[in-house]
Amino acid sequence: MDRYLVFGHPVRHSKSPFIHTLFARQTQQELEYGLAEPAVDEFAQALRTFFDQGGKGCNVTVPFKEQAFTLVDCLSPRAKRAGAVNTIKLTDDGVLLGDNTDGAGLVADLKSHGVTLADSRILLLGAGGAARGALAPLLAELPSELVIANRTHTKAQQLAAEFHDLGPVIAQTYEQLAGSFDLVINSTSASLQGELPPLAPALIHSDIAIYDMMYGASDTAFISWAKQHGARQTMDGLGMLVEQAAEAFTVWRGIRPGTKQVLRELKRNLGVI
Ligand code: ATR
C-alpha cells in the first residue's frame, strides 16, 4: 500500500493522519498515512530512509519546513517563494519535489467562508514563516493593498520588499496602522502564549473579517479580543489545516478531495461542535 506520513517535532497531536485517512476513504484511494517525530538533527536521515523504503510522499511541519526546502531535488514555484516546504512528492522519475500548500490552503479557506479578496484591503500580522507562505497566494487574489505589520518592523520591511513584484504590499508599524481594513490575518504565534499582537482596538469594526491561523477547542486569544471589539466574522486556522491537506493530497494523488464533511468530522473529533 502507498505510504505517506507527516514529519514534525512534536507531531503526536497532529491531525494530518485523521484528515488524510478521511480523504483516502472518500476518494477510494488505497494509502496509509502515519507520523514521524525524528530528533531535530536527524530529520535529513529520516527523510532519506522513508523514501528509500518506498514512501510516496510526506508532509513536513514545525520545525522542519525550512530544512525540507534544502533537502528536496526540485521546488514548485510557490515553495520557492515561501522559502519552506510542507509537502514532498516522489515523482514517477524518482525526483523529490518540494511544494508548499499552506498559502493555497489559507486562500481556499477564506473563499469557502465567502471572504472577498479582490480589491480588498488586507492587514497581515506577523512576518515569520507563516506570513511568508501566505503572501504570494494572497497577492495573486489582487487585493487593493496588503499591509504587513510586525513587532520587529525590519522583518516586515524585508518581506514587503521581497514580494513587492507580486502586488501592492507595504510594511507599517503597529502604531502606523490607520484607515479601514476589510480583512485582518493573524499569522503571529502570539496566541500560543495567550498573548495578543499590539493592534489598536479602533481598527476593528463590525464589517471586518478576522482570521487567526491558530486554532484550538475554544476561541484563540486574538479571536476573543476581536469579538469583544465588535468583529462579527471570525475564523480560526482549522479550515486552513484541512484545505492545505486537500491541496497536498491533490499533489500526491491527482484527485481533489472534498473538505466540508472532513472539516465537520475534525471539529467533532476536537470537541469543537
Ligand atoms: P511562524 O513560522 O509560525 O510564522 P516564526 O517564524 O517564529 O513562526 O514567526 C512568529 C511571528 O509571530 C513573528 O512575526 C513574531 O514577531 P517578531 O518577528 O517580532 O518576533 C510574531 N510574534 C510572536 N509573538 C508575538 C507577540 N506576543 N506579539 C506580536 N507578535 C508576535
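**Cysteines, sheet and helices**

The structure holds zero disulfides (a disulfide is a pair of cysteine sulfur atoms within 2.5 Å). This is a predicted model, where local features need pLDDT of at least 70, side-chain atom pairs count only at pLDDT 80 or more, and totals for chains, interfaces and linings use all residues. Residues are numbered from 1 along each chain as its sequence is written, and side-chain values use heavy atoms, without hydrogens and water.

Trainee: How far is the sulfur of C58 from the closest cysteine sulfur?

Mentor: The closest cysteine sulfur belongs to C74. It is too far for a bond, because the separation is 14 Å.

Trainee: Is C58 buried or exposed, and what is its relative accessible area?

Mentor: Buried means under 20% relative accessible area, exposed over 50%, partly exposed in between (1.4 Å probe, protein chains only). C74 is partly exposed, at 33%. C58 is buried, with a relative accessible area of 0%.

Trainee: Which residue in β12 is the bridge partner of Y211?

Mentor: Strand β11 (residues 209-212) runs parallel to β12, and four bridges join them. In β12, the partner of Y211 is M235.

Trainee: At what angle do the axes of α6 and α7 cross?

Mentor: Axes are lines fitted to C-alpha atoms, for helices over the stretch in contact, and angles run from 0 to 180 degrees between N-to-C directions. Contact means heavy atoms within 4.5 Å. Residues of α6 that meet α7 (residues 153-163) include L135 and L139. The two axes come within 11 Å and cross at roughly 35°.

Trainee: Which side chain does D102 join in a polar contact of 3.0 Å?

Mentor: D102 is found in helix α5 (residues 102-112) and is buried, at 15%. A polar contact is a pair of N or O atoms within 3.5 Å; within protein, one must be able to donate a hydrogen and the other to accept it, and residues adjacent in sequence count only if both atoms are side-chain atoms. The side chain joined to D102 is that of N86.

Methods: Pairing = 2+ DSSP bridges. Helix = DSSP H or I, 4+ residues; strand = E, 2+ residues; numbered from the N terminus.
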